[in-house]
Amino acid sequence: MNTAHLGVGEMAKLINIGFGNIVFANRLIAIVSPESAPVKRLIQDARDRCMAIDATCGRRTRAVLITDSDHVILSAIHPETVANRAGSREQPHDAGKDKYGAIQENGDLADDGDLTDDGV
């Protein structure tokens, strides 16, 4: 994997593209809709070259993600949603957060000594 985009100690940004599928944000070039004829040709060409990754789980393709390695990834979520997830600072599925939503630097749960749910 090409890690030239990451600095020392820098964490890679991951984007959830639906159904438990995750991609590296720094590898994406474009997120487009599959409706136009040129994009449909791009998808077919990628399939012919074995460079298409179908992450739709059998559902309708709503977003096409194009990577810097010429892979074409098909997703069942809308391009706007993928773009919003790419622009957000949150990690997929709240990874690295404790049960109260507090982000932990090392991904471990916080031990603040008060983990009881006494309703106060």
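A residue is termed buried when its relative accessible area is under 20%, exposed when over 50%, and partly exposed in between, with a 1.4 Å probe and protein chains only. By this criterion Arg-27, at 17% relative accessibility, counts as buried. The structure is a predicted model, in which local features need pLDDT of at least 70 and side-chain atom pairs count only at pLDDT 80 or more, whereas totals for chains, interfaces and linings use all residues. Residues are numbered from 1 along each chain as its sequence is written, and side-chain values use heavy atoms, with hydrogens and water left out.

**Overall architecture**

- The chain contains two helices and six strands; helices (H or I, at least four residues) and strands (E, at least two) are DSSP runs, numbered from the N terminus.
- Along the sequence, these elements follow the order β-β-β-α-β-β-β-α.
- Of the 120 residues in the chain, 27% are buried.
- The accessible surface amounts to about 8,200 Å², and carbon and sulfur atoms account for 51% of it; such areas come from the Shrake-Rupley method with a 1.4 Å probe, and for residues only the protein chains shown count as cover.
- Among contacts (heavy atoms within 4.5 Å) between residues at least 6 apart in sequence, 48% join residues at least 24 apart.

- Helix H1 spans residues 37–48, twelve in number, and reaches 16 Å from its first C-alpha to its last, close to the 16 Å expected at 1.5 Å a residue; the expected span is 1.5 Å times one less than the number of residues.
- Val-39, Ile-43 and Ala-46 are the buried residues named in H1.
- Viewed down the axis of H1, the buried residues fall within an arc of 65 degrees, so they line one face of the helix; the arc is that of the directions from the helix axis to the C-beta atoms.
- Arg-41 and Asp-48 are exposed and sit on the face of H1 turned away from its buried side.
- The cover over the buried residues of H1 includes strands E3 (28–32), E4 (52–54), E5 (63–67) and E6 (72–75).
- Arg-47, also in H1, counts as partly exposed at 43% relative accessibility.
- When residues up to four places away in sequence are not counted, Arg-47 touches Ala-52 and Leu-74.
- The C-alpha atoms of Arg-47 and Val-72 are separated by 8.5 Å, although these residues lie 25 residues apart along the chain.

**Strand E6 and its pairing**

- Both faces of E6 are covered, with Val-72 and Leu-74 buried on one side and Ile-73 and Ser-75 buried on the other.
- E6 pairs with E4 in the parallel sense over three bridges; two strands pair if DSSP finds at least two bridges between them.
- Within the pairing of E4 and E6, Ile-73 of E6 is the bridge partner of Ile-53.
- E5 and E6 pair in the antiparallel sense over four bridges, and Ser-75 in E6 is the bridge partner of Ala-63.
- Four residues lie between the strands in the hairpin of E5 and E6, where Asp-70 takes a positive phi near 70 degrees.

**Loop residues with positive phi**

- Cys-50 has a positive phi of about 60 degrees although it is not a glycine.
- At 68% relative accessibility, Cys-50 counts as exposed.
- Asp-70, in the loop between E5 and E6, likewise is not a glycine and has a positive phi of about 70 degrees.

**Buried polar residues and their contacts**

- Arg-27 lies in the loop between strand E2 (21–24) and E3.
- The side chains of Arg-27 and Asp-68 are joined by a polar contact of 2.7 Å; a polar contact is a pair of N or O atoms within 3.5 Å, and within protein one must be able to donate a hydrogen and the other to accept it, while residues adjacent in sequence count only if both atoms are side-chain atoms.
- Asn-16, located in strand E1 (residues 14–18), counts as buried at 11% relative accessibility.
- A polar atom of the Asn-16 side chain lies 2.7 Å from the backbone nitrogen of Gly-18.
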